[in-house]
Amino acid sequence: PEISESLNRLAVIAHRAELAELETRLRSAASEYRQYFARSAAFRNEELFRRLLDLYRIAETLRTAENQETIRKLAGSFRDAYEPAGKLHLLCMGGRTFSSKTGYEGEIYYFLEPEQNRWYTWTDARPVFYEGMRRRPPASSGNAPAPWGLNCSREQLQSLDFELQNARAASGGRLSVSQESKGEVLGERSLHMPEIKERIFWDYEELLKENFEISQDAEASVVQNRAAGRREKLVLAGAVGWGEAGFDTVQQRFSWSLYDRNRKKLSVSLKYTKEEKLTIQLLERLEMRLKKRPREAIVFFGSVYLDEEGGLCLYPIEFFLNEAEEIAREEGLTGGPGEAREEEQKGPSEDVLWSMEHYRRESVRQLSDLFISGLSSVQGDRIGRLLVLAEEGERMGLHYAGAKFADIHKALDAKRHQMEFSSEPVLQAAGELDTYFRVCREKLAYDMARNIMRAPEEED
């Protein structure tokens, strides 16, 4: 417990020094340690390893910065830098509550700007890390007033079509609530609007390709998306079939399968937490409604992701029934399977993909164990295991991983014959491996999801 308290004290020092990014990383690491000492089921060695690596990276970069201008850029800001965005036409698609590991909770609302074909968000966040007490009470999300002078509640905001004059936005499309920004209601948002209707994915293979196909410069893409604050892949997904929802009492997870016209599956999967309790209850009631009164289609708004097995999953934020059914009929999507698509070139086999995925997982696990146990007294068998990973990486064609593991093995093996030892080369190589394996995970997840999508699917 002392380490988490020490990290929080350092976070306070970083705050006073106006090092916002360092403060955030310190609080994230402290949160991971709290989970560890509380024996939380959510704790993962790998996540703590990544938090500590991120903390090392920014601390080392700040230490070696050559001038104040560089430090200023690295320091980050406590408030987002909001730039003028002019007049925005916004269609609100829904909202949700959140609670972050960095000590904030609140609500986030999502808006589509049809002219720019871009997503915007507005977040009302509250710090909760000061001695476990809220600095101000949470808004009662339904009855609290909407921002920008809109004469409605936040619940009513979620179905509005409005213009925002003198808007200001930060990276990732985060909107500011400033005195200059004023909203004017145009009407109610409708799924029938062409700008929304054309964004609905009724084909899950297209949804997968559009959101997860890896670019040529995959590493640069990962870094740029992280820097721009793009964490969610927001979509509108239409379903014309669904299975029976279930709750796994062992895993404490709600699951529900949605299907497109070609019987391809999109999974709704939520781990039970106090934050997700209400969402799970709403989905269970929705499924019961559909049993009592069958529908031909549903449209969900939410964020898509790939699970560890390569399955395409959706975190639901909002759903639409009546309009979804009308659009599905208009598009002729409710009368049986669609036309067969042409076979695309096959990718790596399932066996090859899983071999690479097992290697990636084992590599991350070994790195995590190495750093959590400490670099000062690494056992010989652990050093030998690093050499095995280097050789396996070379044999599998993952030459970058093989070379970096060889570097770490060489540095730690030489340490046994030296009086002085610098951990910096090991930390540097580990950081590069971490970035590399993040890219590998995205590529492998996409390839596995594509194989699953093309395999025959049995209904629940």
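**Close-up 1. Strands β1 and β4 pair in the antiparallel sense.** Strand β1 (residues 83-99) is joined to strand β4 (residues 160-169) by seven bridges, and the two run antiparallel. Strands, here and below, are DSSP runs of E with at least two residues, and helices are DSSP runs of H or I with at least four residues, each numbered from the N terminus. Two strands are taken as paired if DSSP finds at least two bridges between them. L88 stands opposite L164 in β4, and the bridge partner of P84 in β4 is R168. The model is predicted: local features need pLDDT of at least 70, side-chain atom pairs count only at pLDDT 80 or more, and totals for chains, interfaces and linings use all residues. Residues are numbered from 1 along each chain as its sequence is written, and side-chain values use heavy atoms, with hydrogens and water left out.

**Close-up 2. Strand β1 also pairs with β2.** Eight bridges connect β1 to strand β2 (residues 104-113) in the antiparallel sense. R96 has I108 of β2 as its bridge partner.

**Close-up 3. Strand β4 is largely enclosed by the rest of the structure, because seven of its ten residues are buried.** Buried means under 20% relative accessible area, exposed means over 50%, and partly exposed lies in between (1.4 Å probe, protein chains only). Strand β4 also pairs with strand β5 (residues 182-188), antiparallel and over six bridges. In β5, E184 is the bridge partner of E163.

**Close-up 4. Helix α2 packs against α1, α3 and α4 through its buried residues.** The end C-alpha atoms of α2 (residues 20-37) are 26 Å apart, which agrees with the 26 Å that its 18 residues should span at 1.5 Å a residue. The expected span is 1.5 Å times one less than the number of residues in the helix. Among the buried residues of α2 are L22, L26, R27, E32 and Y33. The buried residues of α2 pack against α1 (2-16), α3 (45-63) and α4 (68-75), where contact means heavy atoms within 4.5 Å. Just after α2, R39 adopts a positive phi of about 55°.

**Close-up 5. I3, Y36 and F37 form a nonpolar surface patch.** Together these residues have about 280 Å² of accessible area. I3 belongs to helix α1 and counts as partly exposed because its relative accessibility is 35%. Patches are made of residues with over 30% relative accessible area and no salt bridge, with nonpolar side chains (Val, Leu, Ile, Met, Phe, Trp, Tyr) joined within 5 Å and like charges within 9 Å. Accessible areas come from the Shrake-Rupley method with a 1.4 Å probe; for residues, only the protein chains shown count as cover. A salt bridge is a side-chain nitrogen of Lys or Arg within 4 Å of a carboxyl oxygen of Asp or Glu.
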